[in-house]
Amino acid sequence: MSNTPDHTSDDEPENADFETCDFGVEDVAEIAQLFRDAIRVTAAGAYSPEQLAAWAGSADDEDAFAAALNAGWVRVAVDDVGIVGFAQINMPGHIAMLYTAPRVARRGVATLLLDDMLVLGEAMGATKITVDASIVGRPLFAHFGFVEECEELVERHGISFKRYRMQRSMKRPRK
Ligand SMILES: CC(C)(COP(=O)(O)OP(=O)(O)OC[C@H]1O[C@@H](n2cnc3c(N)ncnc32)[C@H](O)[C@@H]1OP(=O)(O)O)[C@@H](O)C(=O)NCCC(=O)NCCS
């Protein structure tokens, strides 16, 4: 008998349960709910209740939220239950949104979406990809080779938020 631990059922990559595709207008309500859940649950430890409410509230006007999604290229990640994440990149290579459903946190969904964002950025001809990362998003982007440029304070609905301007050169390999 081998001393190697039996990983026969764990050999697939952790994100093999998910795939990504372009978003459609019929997805807006589901994406808006995922956006609110990701903020209220996953970002809960990093921001105050007032900040979380102001941030999550930006999806309450579904028409405005749909218009914001349509301003860039949006990819969604799905499993056999539904949408588990989404990300948006705007010209000329700015990642404007990246959100994962709390039920699949830390299972590689954002990694899959971020890889799509980098492919799209490359297709846009971007020489660098930028993001204004949240406190929660910062370690993920650092993990992907994004370099922090500065800390920023932005105001949304009269409430200020800390975030981090980060960028990644497209000259480096994607992963
Ligand atoms: C940030 C977010 C999208 C990450 O989604 P995710 O699907 O859980 O991320 P992944 O599983 O792909 O993480 C990949 C790697 O990034 C890093 N990472 C991701 N989330 C992290 C966290 N909360 N703390 C530390 N490292 C983290 C880790 O290195 C992780 O690899 P590991 O799990 O093997 O250690 C998700 O937490 C989220 O939706 N947060 C709330 C909304 C938000 O802040 N979005 C970012 C806006 S810029």
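## Ligand shell

A residue counts as near a molecule or strand if its C-beta atom, placed from the backbone, lies within 6 Å of it. The model is predicted: local features need pLDDT of at least 70, side-chain atom pairs count only at pLDDT 80 or more, and totals for chains, interfaces and linings use all residues. Numbering starts from 1 along each chain, as its sequence is written.

The ligand has 22 residues around it, and T100, A110, T111, G137 and P139 come nearest. By class, the shell holds 13 nonpolar, seven polar and two charged residues. Here Ala, Val, Leu, Ile, Met, Phe, Trp, Tyr, Cys and Pro are nonpolar, Asp, Glu, Lys and Arg are charged, and the others, Gly among them, are polar.

Five elements each supply at least two shell residues: α1 (28–42), β4 (94–100), α4 (109–123), β5 (128–133) and α5 (138–143). Helices (H or I, at least four residues) and strands (E, at least two) are DSSP runs, numbered from the N terminus.

## The sheet

Seven strands form an open sheet with mixed pairing, in the order β1-β2-β3-β4-β5-β7-β6. β1 (19–22) and β6 (147–156) are the edges; each has a single partner strand, so one side of each lacks a neighbour in the sheet. The twist from one strand to the next averages 25°. Two strands pair if DSSP finds at least two bridges between them.

β6 runs antiparallel to β7 (residues 159–169), joined by nine bridges. Along this pair, E155 stands opposite S160, and E148 stands opposite M166. Two residues separate the strands in the β6 and β7 hairpin, where H157 takes a positive phi near 50°. β7 also pairs with β5, antiparallel, over six bridges. There, K128 stands opposite S169.

## Helices on the sheet

Contact means C-beta atoms, placed from the backbone, within 7 Å. Axes are lines fitted to C-alpha atoms, for helices over the stretch in contact; angles run from 0 to 180 degrees between N-to-C directions.

Helix α2 (residues 49–56) packs on the sheet and touches β6 and β7, its direction at about 65° to that of β7. α4 touches β1, β2 (73–78), β3 (83–90), β4 and β5, and its direction makes about 25° with that of β3.

## Helix against helix

α1 and α3 (residues 62–70) pack at about 95°, with axes 10 Å apart. The two are therefore roughly perpendicular, a label covering 65 to 115 degrees; under 35 is roughly parallel, over 145 roughly antiparallel and the rest oblique.

V28, A29, I31 and A32 in α1 meet E62, F65, A66 and L69 in α3. This contact comprises seven nonpolar residues, no polar and one charged.

Methods. Two residues are in contact if their C-beta atoms, placed from the backbone, lie within 7 Å.
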